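Colleague: Please take a close look at one part of this model, the pairing of its aromatic rings. What surrounds them in the fold?

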Amino acid sequence: MVSILATDQGNPDGTKVNGQEKESRASEAQNPSKAPVTPNSNKAIPEKSAAQKYEKPSGAELKKLAKAGKAAKRAQSKQGQQAPPNHASKSNKSENKKHLDEEGSIPPSSQQPPPKGQHRRSGSASAGSQRPLELRPGQQQAPVAEPESRKEIQKLAFISHLYGAPRRTSIAGAGKDVHPSILALGLQMSNYIICGSNARCVSTLLVFKRVIGAYTTPPNISLARDLTIHLSTQIDYLKSGRPLSVSMGNAIRWLKLTISTIDPDTPEHQAKTKLCSAIDNFIRERITVAGQAIASSASSRIQDGDVIVTFAKSSIVERTLAEAYRQGKNFQVIVADSGPLFEGRNLAIALANLGLQVQYASIHTLSHVVQDATKVFLGAHAMMSNGRLYSRIGTALVAMMAKDLDVPVIVLCESVKFTDKVALDSIATNEMAPSHELGFFGTGADKAGEEGDWRSSSNLVGLNLVYDLTPADYIHMVITEYGSLPPSSVPVVQRLSTNT
């Protein structure tokens, strides 16, 4: 028998192939579906010839090919399980890993040729000499900032629902659709430059006039629908600075209702003019004229020789006292005040400039101050549906002291501040101000030599609530633009103001 030495193309292993095996291989090349599959073979199914490459195999052939592939995979998996672990390869891998950590590249010994069918990536450097990309000098990786929650102080569990997102103190991150006037107003409210329920409500409506004036309706969209969405973007930005007051919420609901009643056929310029005029009427009727009516009614209850006690600063109380002084009445005013805002200072200065006799006292001396009082006039942030007063924190303490001494407590409040909500305490609903506004809680830099950074203390918690709730039993009378009424009649006035 004649043996033939296989060439590199026929047999890469360099083994001898006899004539019978050569004929069998030739027949297998012509009919690859009948080729035997060996467990040690890496390629279970040989490639088809050029003539058969474009022939579509039948269903039976596809099944045979699938079975042959599965059998080859099973054989390879069995061989991998039976093979003993190669400790030398593990040590080689650890050495390569150590070499990679030191040199920053893959050692040549660990390079393996790419599997058959894959092309080696060509480039200026081989795969073994590639190094990780280095950052440019201007692209140095910034250090990972510590999360803001870790920097904040420990939160009290029973009021954890009051801790919201931190107040916005800059215009960074504001949306492109936010009007510049809204940006300025949000910062002014957040920094207490514009403070007070009436001032915030009026400022918001006046800024909305600018937003409406600069608004342009997109094509094929009605003004009533798109303007409401546009205003919602402005309102969300204002909320990020400080929560909306009750008067602001009532004014915004009224404005959206007014926008929804605009006829779609109304020209844009005419509709915008109508909305701006409606805003002016709302401010005049619900705030300006209502305040004048309340001041006129409340000033008539001030007599000569009275000692009026008030707390913090209320625009309607200031107007009432000024009206009584212009009527020629001789009375004294005691302004009780507390931190951290100390709003009563501005009220005391304003009344003293008018010529009134004013005494400014801290809330710590309230027990001595109220003993000389004949009436207590209080402003309001909101009047709840159950007749309770929601106002600056410390108001409930003043009302309680006056109640114990049988001093009448009179609340001055416009109907725009009435709400249909019911509140039983000042914990379920309140505004949480930043703790650093308190006197003791400095920013850390000014207290570094004394107390250190108070945020790093795990057992020091700053609680800075803005409002409290005064029970209806402590209130003698509520004066509104609709007249004087008991706290139990607040829901009636709220319905009247909503219907009109």
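Modeller: Tryptophan 254 is a place to start: with 23% relative accessibility, it counts as partly exposed. Buried means under 20% relative accessible area and exposed over 50%, with partly exposed in between (1.4 Å probe, protein chains only). Phenylalanine 282, by contrast, is buried at a relative accessible area of 5%.

The model is predicted, so local features need pLDDT of at least 70 and side-chain atom pairs pLDDT 80 or more, while totals for chains, interfaces and linings use all residues. Residues are numbered from 1 along each chain as its sequence is written, and side-chain values use heavy atoms, without hydrogens and water.

Rings of Phe, Tyr and Trp (its six-membered ring) pair if their centres lie within 6.5 Å; planes under 30 degrees apart are stacked, over 60 edge-to-face, the rest tilted. The count by this rule is 2 aromatic pairs. In one, the ring centres of tryptophan 254 and phenylalanine 282 lie 4.6 Å apart with planes at 25°, so this pair is stacked. Tryptophan 254 belongs to helix α8 (residues 246-260) and phenylalanine 282 to helix α9 (residues 268-299), so the pair links distant parts of the chain, 28 residues apart. Helices (H or I, at least four residues) and strands (E, at least two) are DSSP runs, numbered from the N terminus.

Tyrosine 390 and tyrosine 467 also pair: their ring centres are 5.0 Å apart and their planes stand at 35°, so the pair is tilted. Tyrosine 390 is in strand β8 (residues 389-392) and tyrosine 467 in strand β10 (residues 467-470), so parts 77 residues apart in sequence are tied together. Tyrosine 390 is buried at 7% relative accessibility, and tyrosine 467 is buried at 5%.

These two strands belong to an open sheet of 3 strands, ordered β7-β8-β10, with antiparallel pairing. Strands pair if DSSP finds at least two bridges between them. On the edges are β7 and β10, each of which pairs on one side only. β8 and β10 are joined in the antiparallel sense over 4 bridges. Tyrosine 390 has leucine 469 of β10 as its bridge partner, and leucine 389 stands opposite threonine 470 of β10.

On the other pairing in this sheet, strand β7 (residues 382-383) and β8 are antiparallel over 2 bridges. Here methionine 383 has leucine 389 in β8 as its bridge partner. The hairpin of β7 and β8 has 5 residues between the strands, and glycine 387 in this hairpin takes a positive phi near 85°.

Contact means heavy atoms within 4.5 Å.

For the setting as a whole, the protein has 14 helices and 12 strands. Of its 500 residues, 36% count as buried. Among contacts between residues at least 6 apart in sequence, 73% join residues at least 24 apart.
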